[in-house]
Amino acid sequence: MGAVRTPDRITSPTTNGYGSPVNGTDPMAEFYDEISSIQDAIETYKANVSRISDLHNRTLNSTDESSNRQNAGILEDLVAQTRELGNTIKQRIQSLEAKALQPGQDSRIKKNRTDFVRSKFVEALQNYQQVERDYRARYKQRVERQFRIVKPNATAEEVSAVVNDTSGAGDQVFAQALSNSSAYGESRAAYREVQDRHADIQRIERTLEELAQLFNDMSVLVAQQDETINVIDTQAGKVEEDTRQGLQQTEKAVVHARSARRKRWFCFFLFLLICAILAIVLGVVFGKK
């Protein structure tokens with residue numbers, strides 16, 4: 001599905017009307033072009049998540065086995081595409097973070113734009129996580145309803161064993177309840193539906209684990225960047241302190257130089273005064289003789 005452009009899109013001031021850099025060798029133009037491309041990928045990711053949510057709703061609201069199987073196939077392919085796209089986006093953002101500042105690039109702009117696309121990707125990940133959590137909750141509610149059709153007087157432990165089953169052990173509880181059910185036809189249909197959708201809950205758990213890992217990777221990336229920024233700030237602070245101390249030493253040197261110059265002038269004038277006094281004294285002495 002094509003990407004939808006949003007009003008808060010960052011565009012390059014050095015691109016032509018077709019999104020290509022005016023000067024392909026301009027580091028900032030290339031950077032802006034990559035940022036724009038990553039934004040397009042994030043929009044595609046968000047569109048995929050929206051389609052996944054729609055397929056979830058269709059699955060939960062449909063009782064047609066043929067339609068559900070078709071939706072399951074589409075969903076499986078879409079989830080795989082979205083997983084691959086998410087990993088690609090993560091790697092591209094990491095590459096931007098790790099790439100050294102090129103001559104002609106503004107470090108502040110580079111950081112702000114990279115932070116922006118990272119935050120947008122994190123928002124998309126959080127939205128996807130919420131979509132899967134909502135579907136898991138609604139799916140479990142449906143499984144509980146189907147199980148209670150088979151066994152209306154089921155205990156909380158039995159319901160939990162079926163609803164929260166991710167290994168297939170809950171099928172034994174369901175099958176045992178089915179063998180004791182009087183409404184065999186309806187119960188059999190409920191059991192078959194739960195069996196058919198058992199793979200869904202396993203896929204949901206895997207997807208949530210993958211999203212949690214992606215989210216963690218992005219958090220680690222932020223921490224690493226913050227550590228780098230702290231190092232830079234520390235170095236900048238040290239340079240500033242060294243500069244301040246250097247200025248203080250320079251000011252002291254200027255003061256000492258001025259003081260020494262004044263002392264030299266004072267000694268010079270004192271020497272002249274002494275010479276003048278000696279000349280006068282000698283003049284008076286020799287004048288009397």
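Modeller: Asp115 counts as buried, at 17% relative accessibility. Here buried means under 20% relative accessible area, exposed means over 50%, and partly exposed lies in between (1.4 Å probe, protein chains only). Keep in mind that this is a predicted model, where local features need pLDDT of at least 70 and side-chain atom pairs count only at pLDDT 80 or more, while totals for chains, interfaces and linings use all residues. Residues are numbered from 1 along each chain as its sequence is written, and side-chain values use heavy atoms, with hydrogens and water left out.

Who is the partner of Asp115? The side chain of Asp115 meets that of Lys111 in a salt bridge, with 2.7 Å from N to O. The term needs a side-chain nitrogen of Lys or Arg within 4 Å of a carboxyl oxygen of Asp or Glu. Side chains of opposite charge can pair when their charged atoms come close. Lys111 and Asp115 sit about one helical turn apart, because they are four residues apart in helix α3.

Glu132 and Arg203 meet through their side chains in a salt bridge of 3.7 Å, N to O. Glu132 lies in α3 and Arg203 in α7, so this pair ties together parts that are 71 residues apart in sequence. Glu132 is buried at 0% relative accessibility, and Arg203 is buried too, with 9%. The whole count comes to 11 salt bridges.

Another of these lies in helix α1. Glu43 forms a salt bridge with Lys46, their closest N and O atoms being 3.5 Å apart. The two residues are three places apart in α1, about one turn of the helix. Glu43 is buried, with a relative accessible area of 11%, whereas Lys46 is partly exposed at 35%.

Now let us move on to the rings. There are four aromatic pairs in the structure. The centres of the Tyr45 and Tyr128 rings are 6.1 Å apart and their planes meet at 80°, so this pair is edge-to-face. (Rings of Phe, Tyr and Trp, the last by its six-membered ring, pair if their centres lie within 6.5 Å; planes under 30 degrees apart are stacked, over 60 edge-to-face, and the rest tilted.) Tyr45 belongs to helix α1 (residues 27–61) and Tyr128 to helix α3 (residues 107–150), so the pair ties together parts 83 residues apart in sequence. Tyr45 is buried at 1% relative accessible area, and Tyr128 is buried at 2%. Together with Phe121, they form one aromatic cluster.

What else does Tyr45 touch? Leaving aside neighbours within four places in sequence, its contacts include Thr82, Leu85, Ile89, Ala124 and Leu211, where contact means heavy atoms within 4.5 Å. In the largest nonpolar core, which has 28 residues, Tyr45, Ile89 and Phe121 touch the most other members. Two or more residues come from each of α1, α2 (65–98), α3 and α7, and α1 gives the most, with 11 residues. A second, separate core of 12 residues includes Phe147, Ala154, Val162 and Val163. A nonpolar core is a set of buried Ala, Val, Leu, Ile, Met, Phe, Trp, Tyr and Cys residues joined through side-chain atoms within 4.5 Å.

Finally, step back to the whole chain. The protein chain has seven helices and zero strands. Of its 289 residues, 30% are buried. Among contacts between residues at least 6 apart in sequence, 74% join residues at least 24 apart. The chain exposes about 17,900 Å², of which carbon and sulfur atoms supply 54%; accessible areas come from the Shrake-Rupley method with a 1.4 Å probe, and for residues only the protein chains shown count as cover.
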